[in-house]
Amino acid sequence: MMRKLFGILVMALLAVPFGVEARNGHAEWGLVVKDLTGKRVVVNENGSVKMTPASTMKLFTTATALEILGPAYRIETGIWTDGKIDERGVLNGNLYIKGGLDPTIESSAIGNYGFFDSVAVALYGLGIKKVNGDIIADGNIIYGDEASPKWVLEDLATYYGVGCFGLSVYDNVQNVTVKAVDKNGKLSVKAQYPGAEINVINKLRIVGSSDAVVYTYSIPYGKEVLLEGTLGVGVTKYLRLAITNPNEVVAKTLLSKLGSRGIAVDGDARESRWTSYEGCNKLYAYYSPFLLNIIKEINFNSNNHYAQHIFRLLGTQVHTRNATLKDSENVVKSYWKRKGINIDEMAIYDGNGLSPMDALSPEVMVSMLEYMYHSKSAFSFMSSLPECGVEGTVKAIFRGKDFYARAKSGSMSGVQAYAGYVNYKNRIFAFCVIVNEFDEERSKVKMMIEQRLINAIKGYEASLQGDRLDVNVSEE
């Protein structure tokens, strides 16, 4: 009898409203933990409330991609021509670079280099000595919304808020040096890549000290970058800025690479807004790493650039050309609606969680995690999540605890979230916890989250032990 009372007491403690233990200020908390082994909900606090998930939104993007495309899927970038190669090795026609939404071209994130070299070698191997036409970069697999209209302006010029293009390169990021030449505001600005040159709108306050605090603003396809802040005379500031038009960079870089390989080009390097490939021939196909490797980078390191490309790639399952942001949203929602998930508890404006307008409920997240646990893609999905306490963005949570957990974190101003799986005493739990609008230090909120999860799971397991022991007593 005492053991049964113990079990009841533990479950009662778990039922104490989340706010009593962890709410701070005006923060909103949501938590759902489900025992996938016993198919029982352990805790559900505000589980149906739509909340800002930050980067945990990437879990829906990566899970959907694995389900629809498969872990071995590779993204193709094609090299096409509308001309013919004559007996002298002259290609009489344009050379097209047909983008396929591959975010890994010349990407330092996973060390995937060699696109331009491989194209040049392939064309040389076909006997091409000269291109009598233009090199045209075609990123028209998607239409518009290179940046989600719900993204925050201050993110757009940064390395983590770069635009998504059908043809991307160098993670769509470049190093730019800015130097204040004199006190009158004259600047020296140097971009890293041909085709990525920028025009500066200088709103910097030039001072006589060594200060260097610079804020940047730009938009996709824009040539202007607004600089604000403070910069000392003679001081050089190194910035990592978005490449606002990677199409031009790809075209001009390939032009240069062909020249270094001895292939002359009698034409321009430019981009195309629309290209029809009717009557054209494919000369070469370049393939990305396997989708599984891309997804692992997304979930381990919370790569916004990769995630948004995979999200837009899902939209091309509806329209193979000019796919819109709405197409991607519809693909994700339609897929999970067919799986019985309540999509009314979701608002999707991107695939990486960068928008503060993204929203989903903890119940929706846990439902998806439960489905993926039983999916044919279960191993691929779960292995793409970093191990808590050991690696990735969850290195600081569950460190040194007797849990084995794999999860994705999400954070932005006023938001902290975690979602994933916990293995404890041979039971698998799916969980999602989201905290919005907190005013405590983030480190303290993380500690509260961790303790709440530990208490919930350990208390639940203890209650099961009490139930089992009580059954044994009654049988005697």
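Begin by selecting Lys223, which is partly exposed at 31% relative accessibility (buried means under 20% relative accessible area, exposed over 50%, and partly exposed in between, with a 1.4 Å probe and protein chains only). The model is predicted, so local features need pLDDT of at least 70 and side-chain atom pairs count only at pLDDT 80 or more, while totals for chains, interfaces and linings use all residues. Residues are numbered from 1 along each chain as its sequence is written, and side-chain values use heavy atoms, with hydrogens and water left out.

The side chains of Glu248 and Lys223 form a salt bridge of 3.4 Å, N to O (a side-chain nitrogen of Lys or Arg within 4 Å of a carboxyl oxygen of Asp or Glu). Glu248 belongs to helix α5, whereas Lys223 sits in the loop between β12 (212-217) and β13 (224-232), and this pair links parts of the chain 25 residues apart. Helices (H or I, at least four residues) and strands (E, at least two) are DSSP runs, numbered from the N terminus.

Now select Asp117 and Lys257. Their side chains meet in a salt bridge at 3.2 Å, N to O. Asp117 lies in helix α4 (residues 115-125) and Lys257 in helix α5 (residues 246-260), so the pair ties together parts that are 140 residues apart in sequence. Asp117 is partly exposed, with a relative accessible area of 32%; Lys257 is partly exposed at 25%.

What do the side chains of Arg261 and Asp117 form? They meet in a salt bridge of 3.7 Å, N to O. Arg261 is in the loop between α5 and β15 (264-265) and Asp117 in helix α4, 144 residues apart. Arg261 counts as partly exposed, at 38% relative accessibility.

Finally, show the whole chain. A search of the whole structure finds 15 salt bridges. The chain holds eleven helices and 22 strands, and its C-alpha trace spans about 95 × 60 × 35 Å along its principal axes. Of its 476 residues, 56% count as buried. Among contacts (heavy atoms within 4.5 Å) with a separation of 6 or more, 70% come from residues 24 or more positions apart.

Colouring by charge brings up 52 positive and 51 negative side chains, and the centres of the two sets lie 2 Å apart. Here Lys and Arg count as positive and Asp and Glu as negative, without His and the chain ends; each charge is placed at NZ of Lys, CZ of Arg, CG of Asp or CD of Glu.
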